[in-house]
Amino acid sequence: MKGNEALAEAAIRAGADAYFGYPITPQSEIIEYLMAENPEELTGMVVLQAESEVAAINMVYGAAGCGKRAMTSSSSPGISLKQEGLSYIAGAELPCVLVNVVRAGPGLGTIQPSQSDYFQAVKGGGHGDYKLIVLAPATVQESVDYVKLAFDLAFKYRNPVMILSDGIIGQMMEKVELFEQQPRLTEEFEWATVGKKPNKDSVIVTSLQLQSEEQEKVNLRLQAKYREVEKNEVRYETHNCEDAEYLFTAFGSCARITRKAMEMAREKGIKVGLLRPQTLYPFPVDAFHQLAGQLKGILTVEMNAGQMVEDVKLAVNGQTKVEHFGRFGGMIPSPEEILNAMEQKIIGG
Amino acid sequence: MNEEIIIAGFGGQGVLSMGQILCYSGVMQDKEVSWMPSYGPEMRGGTANCTAIISDEPISSPVLNAFDTAIVLNQPSMDKFEDAVKPGGLLIYEENGMTRKPRRTDINICSIAAYDESVKMKNTKVFNMIVIGGFLKVKPILDLENVIKGLKKVLPDRYHHLIPLNEEAIKKGMDLIKEENKLN
């Protein structure tokens with residue numbers, strides 16, 4: 001299946017209650033697929049094309065406030081438009097799933113694949129001290145599996161979860177195994193606004209605290225939650241790291257191209273491993289920290305001008321050399337270029 | 001077996017669906033597959049291309065710079081991808097509309113007059129299936145029976161009555177393909 005279509009099907013199967021979106025290349029297949037499948041007949045899931053990205057994210061805010069599994073998707077410029085709503089959802093501590101099929105920027109940029117929204121995804125994006133949980137699929141299979149995982153994490157931590165995909169994963173076709181249809185939620189959450197019961201206080205969903213003391217309490221609660229997330233939810237994959245003297249690191253589609261470069265390096269007898277973060281927040285800090293001691297250098301490969309490399313440097317904390325190689329503007333690095341960069345910047349540098 | 005293929009031509013020649021058919025056929029034959037289209041400005045008119053990979057092993061990169069096989073259906077595609085064929089690899093080109101012959105001498109080169117044949121068959125839409133037939137003759141990586149199964153997956157139900165015609169086209173392609181340069 002095509003990445004975007006598989007992801008849309010996964011949303012239905014994950015028992016989502018609602019999808020609100022607005023078309024933009026290269027992720028329009030998500031809303032197209034959902035409209036064509038019309039899951040309202042099958043599961044009761046609402047699919048709506050909003051009048052804009054801003055409207056879509058606020059519809060998600062509303063549905064999430066009612067304790068529903070709500071989701072939206074867009075590509076980079078559209079995700080920028082959603083940042084205000086996203087900050088409100090994070091502030092109000094509501095669960096939702098957001099998919100960003102990244103294209104190159106800044107501005108309207110180009111519709112070709114990119115990873116230039118890493119900072120926006122993992123450092124907040126909107127205003128205020130908040131974090132999204134960020135999952136980075138590298139295959140169509142992971143695009144599917146992460147939809148279910150994203151809803152689970154969103155409700156476990158009452159926090160927005162972003163699936164950071166890109167034009168390659170969204171547009172490519174691969175074999176995929178779909179999970180069984182999950183039931184929609186029947187649980188009534190105590191934080192959800194579903195009508196006041198006579199014997200209970202009203203529930204108010206808000207991100208507004210006029211008193212600084214109250215706002216600080218919210219911030220502290222959020223920070224405590226993020227520490228929990230960092231403790232429990234780190235996910236990553238390693239290849240050939242046992243005897244590695246050098247390390248590639250990359251996420252998403254770029255990690256696959258980099259894996260090819262690693263295979264080519266191994267054929268040449270260079271002891272290179274690959275660490276692929278699957279969660280970008282929480283970042284696999286400990287994994288890098290532990291590996292750093294045995295390594296002569298790390299090359300991060302990204303389709304941007306150097307974003308994840310900053311987190312790698314923080315994790316490694318000076319224990320070994322860290323360099324970045326990137327192509328941007330929708331250009332995709334080739335395995336040969338990546339291997340060459342490893343040889344020039346790390347091994348020979 | 002690991003076959004990395006680039007298929008390129010004009011939009012409307014069935015370039016993207018050729019890749020899809022090969023990949024679905026690969027799935028039917030228990031192979032790992034990946035299909036990556038050009039979806040950029042090309043899709044909005046002009047040249048189109050897709051990368052199809054069919055392999056016994058899980059596929060790492062879905063995007064490549066060098067290919068085992070390039071199937072080029074117009075001159076701009078030949079200009080772009082002739083040099084991207086790995087030494088010892090295969091280049092298949094459609095004769096119609098080419099203004100020059102391939103220059104490489106270190107690769108296998110085949111040509112096919114698929115367009116003329118599709119006109120004779122009175123259905124130019126099967127053009128791409130003739131080319132697929134030619135490719136499978138030179139590189140028999142997929143069984144015809146699985147290609148037919150793959151076709152059933154790609155074609156919507158309402159076109160399933162055209163499958164015998166497509167099968168005929170594949171067989172025609174197998175007969176038509178001509179070797180221009182063969183390495184030992």
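The axes of helix 1 (residues 15-28) of chain B and helix 5 (residues 144-154) of chain B cross at roughly 120° and come within 7 Å. That angle makes helix 1 of chain B oblique to helix 5 of chain B. The crossing of these two helices is right-handed. Please keep in mind as you look around that this is a predicted model.

Which residues make this contact? Helix 1 of chain B contributes Gln20(B), Ile21(B), Tyr24(B), Ser25(B) and Met28(B). From helix 5 of chain B come Asn146(B), Val147(B), Lys149(B), Gly150(B), Leu151(B), Lys153(B) and Val154(B). Sorted by class, the residues where helix 1 of chain B meets helix 5 of chain B are six nonpolar, four polar and two charged.

Is Gln20(B) buried or exposed? Its relative accessibility is 19%, and buried means under 20%, so Gln20(B) counts as buried. Apart from its neighbours within four places in sequence, Gln20(B) touches Met173(A), Trp35(B) and Val154(B).

### The sheet with strands from both chains

Now to the sheet beside that helix. Eight strands form an open sheet with mixed pairing, in the order 8(A)-2(B)-3(B)-1(B)-4(B)-5(B)-6(B)-7(B). Its edges are strand 8 (173-174) of chain A and strand 7 (178-181) of chain B, each of which pairs on one side only. Within the sheet, strand 2 (residues 32-37) of chain B and strand 3 (residues 47-55) of chain B run antiparallel and are joined by six bridges. For a pair to find on screen, take Glu32(B), whose bridge partner in strand 3 of chain B is Ser55(B). Helix 1 of chain B packs on this sheet, touching strand 8 of chain A together with strand 1 (2-10), strand 2, strand 3 and strand 4 (67-72) of chain B. The direction of helix 1 of chain B makes about 10° with that of strand 3 of chain B.

### The sheet in chain A

Chain A has an open sheet of five strands, ordered 9-11-10-13-14, with mixed pairing. Strand 9 (236-239) and strand 14 (322-326) of chain A are the edge strands, each pairing on one side only. From one strand to the next, the twist averages 20°. Strand 10 (residues 246-249) of chain A pairs with strand 13 (residues 297-302) of chain A in the parallel sense, over four bridges. There, Tyr246(A) has Gly297(A) of strand 13 of chain A as its bridge partner.

| Helix of chain A | Strands of chain A touched | Angle between directions |
|---|---|---|
| Helix 10 (residues 252-267) | strand 9, strand 10, strand 11 (272-277), strand 13 | about 170° with strand 11 |
| Helix 13 (residues 335-347) | strand 10, strand 11, strand 13, strand 14 | about 145° with strand 13 |

### A helix pair in chain A

Finally, helix 3 (residues 53-65) of chain A and helix 5 (residues 83-91) of chain A pack at an angle of about 15°, their axes 8 Å apart. That makes helix 3 of chain A roughly parallel to helix 5 of chain A. Their crossing is left-handed. Ile57(A), Val60(A) and Tyr61(A) of helix 3 of chain A meet Gly85(A), Leu86(A), Tyr88(A) and Ile89(A) of helix 5 of chain A. By class, this contact has six nonpolar residues, one polar and no charged.

How values were computed:
Residues are numbered from 1 along each chain as its sequence is written. Chains are lettered from A and ligands numbered from 1 in the order in which they are written. This is a predicted model: local features need pLDDT of at least 70, side-chain atom pairs count only at pLDDT 80 or more; totals for chains, interfaces and linings use all residues. Side-chain values use heavy atoms; hydrogens and water are left out. Axes are lines fitted to C-alpha atoms, for helices over the stretch in contact, and angles run from 0 to 180 degrees between N-to-C directions. Angles under 35 degrees count as roughly parallel, over 145 as roughly antiparallel, 65 to 115 as roughly perpendicular and the rest as oblique. A crossing is left-handed if the near helix is turned anticlockwise from the far one by less than a right angle, and right-handed if clockwise. Contact means heavy atoms within 4.5 Å. Ala, Val, Leu, Ile, Met, Phe, Trp, Tyr, Cys and Pro count as nonpolar, Asp, Glu, Lys and Arg as charged, and the others, Gly among them, as polar. Two strands pair if DSSP finds at least two bridges between them. Buried means under 20% relative accessible area, exposed over 50%, partly exposed in between (1.4 Å probe, protein chains only).
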